[in-house]
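Subject: Structure for you to look at

Hello,

Here is the structure I said I would pass on. Please open it first, then read the notes below with it on screen.

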Amino acid sequence: MKESFVRDPQFDAKKHLEQIFQVEAGREAIEVAIWFDAPTAPYIRERTWNPTQQLEEHGDGAVTLRMTIRSLAEMKRWVLGYGKGAKVLAPEELVAILSTELADMVQHYSQK
């Protein structure tokens, strides 16, 4: 069977790829804001994580990273890698995902 594909003339590949955080691409653009404490902040400052990123410096050495992404699952795993050095400020959906994941992890490690 021969199939054809019609490219959406409104699709902008460059813009789409800019909103992919690492490898996963979802459908909707999602604005995220993540606060990093002073000991963790240098790791965030040292590279460009996403072309849309903006860094907000805080007087205590902490930093807030804001960017547009397309995958909350990927962002969840990335934030968890920074442990207590990171706190998601937005969106609420990602805060809820992380809260559930952390509660499940506590439960997992509390079982003997």
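**Two helices at an angle**

In this predicted model, helices α3 and α4 are oblique to each other. The angle behind that word is about 55°, with the helix axes 10 Å apart. α3 covers residues 72-80 and α4 covers residues 92-110. Two values are given here because two packed helices are described by the angle between their axes and the distance between the axes. The crossing of α3 and α4 is right-handed.

Which residues make the contact between α3 and α4? From α3 they are Leu72, Met75, Lys76, Val79 and Leu80, and from α4 they are Glu93, Leu94, Ile97, Leu98, Glu101 and Leu102. Sorted by type, the residues of this contact are 8 nonpolar and 3 charged, with no polar ones.

**The chain as a whole**

The chain contains 4 helices and 4 strands. Going along the sequence, their pattern is α-β-α-β-β-α-β-α. The chain has 112 residues, and 32% of them count as buried. If you take the contacts between residues at least 6 apart in sequence, 60% of them join residues at least 24 apart.

**The sheet**

The 4 strands form an open sheet in the order β2-β3-β1-β4, and the pairing is antiparallel. At the edges are β2 (54-57) and β4 (86-90), each of which pairs on one side only. On average, neighbouring strands of the sheet are turned by 25° against each other, direction ignored.

- β2 and β3 run antiparallel and are joined by 4 bridges. Leu55 stands opposite Leu65 in β3, and Glu56 stands opposite Thr64 in β3. The two strands form a hairpin with 5 residues between them. Gly61, in the turn, has a positive phi of about 95°. For background, most residues other than glycine have a negative phi.
- β3 and β1 are also antiparallel, and they pair over 7 bridges. One place to look is Ile30, which stands opposite Ile69 in β3.
- β1 (residues 30-36) and β4 pair in the antiparallel sense over 4 bridges. Here Phe36 has Ala86 of β4 as its bridge partner.

Strand β3 (residues 63-69) has 6 of its 7 residues buried, so β3 is largely enclosed by the rest of the structure. When you look along any of these strands, keep in mind that in a regular strand the side chains alternate between the two faces of the sheet.

**Where α4 meets the sheet**

Besides its contact with α3, helix α4 packs on the sheet. Which strands does α4 touch? It touches β1 and β4, and the direction of α4 makes about 140° with that of β4.

Between β4 and α4 there is a loop, and Pro91 is located in it. The peptide bond joining Ala90 and Pro91 is cis, with omega about 0°. In general, most peptide bonds are trans.

Is Asp37 buried or exposed? Its relative accessibility is 17%, and buried means under 20%, so Asp37 counts as buried. Thr40 is buried too, with a relative accessible area of 10%.

Thr40 is in contact with Tyr82 and Gly85.

Asp37 and Lys84 are 47 residues apart along the chain, and their C-alpha atoms are separated by 8.4 Å.

Regards

Definitions and conventions
Residues numbered from 1 in each chain as written. Predicted model: local features only at pLDDT ≥ 70, side-chain atom pairs only at ≥ 80, totals over all residues. Heavy atoms only, no water. Axes fitted to C-alpha atoms, helices over the stretch in contact; angles between N-to-C directions. Parallel < 35°, antiparallel > 145°, perpendicular 65-115°, else oblique. Left-handed = near helix turned anticlockwise from the far one by under 90°. Contact = heavy atoms within 4.5 Å. Nonpolar A, V, L, I, M, F, W, Y, C, P; charged D, E, K, R; others polar. Pairing = 2+ DSSP bridges. Buried < 20%, exposed > 50% of the residue type's maximum accessible area, 1.4 Å probe, protein only. Lists of a residue's contacts leave out its neighbours within four places in sequence.
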